[in-house]
Amino acid sequence: MKRIKIIFLPLLAVLALTAVNGQEPSISSEEEAVVAIMKKYKEALQNKTTEGTFELFSADSKVFEQGGIEGTYANYIEHHLGPELSHFNRFEFSDYIIQVEVGLPYAFTTETYTYTIELQAEKGTSPRIINRKGVATSILKKTDDQWKIIKTHSSSRDKR
């Protein structure tokens with residue numbers, strides 16, 4: 001019976017404080033910092049640039065995409081995403097939702113979204129439009145008061 005009291009007393013205290021204040025617990029500053037990192041990365045992609053993104057990832061990060069192991073973020077940019085961005089007229093996210101869970105020194109994110117890519121047209125053709133539903137999960141680690149993405153995995157499928 002003592003174990004039950006030990007577990008439930010803190011929970012009851014939180015529920016009581018929430019009921020007294022009449023508010024949901026607010027998002028923590030750590031969660032806000034993690035969201036800011038992910039938002040900065042998303043905005044860079046929409047701007048078709050990698051400028052300022054290397055500082056968001058750890059040097060030994062791991063990137064996984066569509067079932068492939070891309071290596072570090074630097075390798076991913078050099079051999080995959082970087083060259084692709086130069087062929088895009090437009091890269092936009094919509095229906096974006098992010099969920100964050102912080103368990104210091106780590107944070108875990110799940111992002112769901114729709115993305116639209118307009119590829120540059122070949123001579124004499126119309127631009128090709130790619131419209132897909134996507135999901136990405138990332139693990140971030142806080143070191144020296146800075147959040148860095150250490151692992152990220154994304155996948156997508158045709159929008160139905």
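**Close-up views of charged side chains**

**View 1. Lys40 forms a salt bridge with Glu55.** In this predicted model, the closest N and O atoms of the pair are 2.6 Å apart. Lys40 sits in helix α2 (residues 29-46) and Glu55 in the loop between α2 and β1, so the pair ties together parts that are 15 residues apart in sequence. Lys40 is partly exposed, at 37% relative accessibility. Glu55 is partly exposed too, with a relative accessible area of 45%.

**View 2. Asp158 and Arg132 meet in a salt bridge.** The N to O distance is 2.8 Å. Asp158 belongs to strand β6 (residues 146-158) and Arg132 to strand β5 (residues 128-143), so this pair links parts that are 26 residues apart in sequence. Asp158 is partly exposed, with a relative accessible area of 49%.

View 3. Between Glu92 and Arg90, the closest N and O atoms are 3.1 Å apart. Glu92 is partly exposed at 38% relative accessible area. Arg90 is partly exposed at 27%. The salt bridge count for the model comes to six.

**View 4. Glu65 is buried yet has no salt bridge.** Glu65 lies in strand β1 (residues 57-65). Its nearest side chain of opposite charge is Arg132, 9.6 Å away. A salt bridge needs a nitrogen and a carboxyl oxygen within 4 Å, so Arg132 does not qualify as a partner for Glu65. Instead, the Glu65 side chain makes a polar contact with the side chain of Tyr76 (2.8 Å). Leaving aside neighbours within four places in sequence, Glu65 is in contact with Glu70, Tyr76, His80, His153 and Ser154.

Methods. Residues are numbered from 1 along each chain as its sequence is written. This is a predicted model: local features need pLDDT of at least 70, side-chain atom pairs count only at pLDDT 80 or more; totals for chains, interfaces and linings use all residues. Side-chain values use heavy atoms; hydrogens and water are left out. Helices (H or I, at least four residues) and strands (E, at least two) are DSSP runs, numbered from the N terminus. Buried means under 20% relative accessible area, exposed over 50%, partly exposed in between (1.4 Å probe, protein chains only). Lys and Arg count as positive and Asp and Glu as negative; His and the chain ends are not counted. A polar contact is a pair of N or O atoms within 3.5 Å; within protein, one must be able to donate a hydrogen and the other to accept it, and residues adjacent in sequence count only if both atoms are side-chain atoms. Contact means heavy atoms within 4.5 Å.
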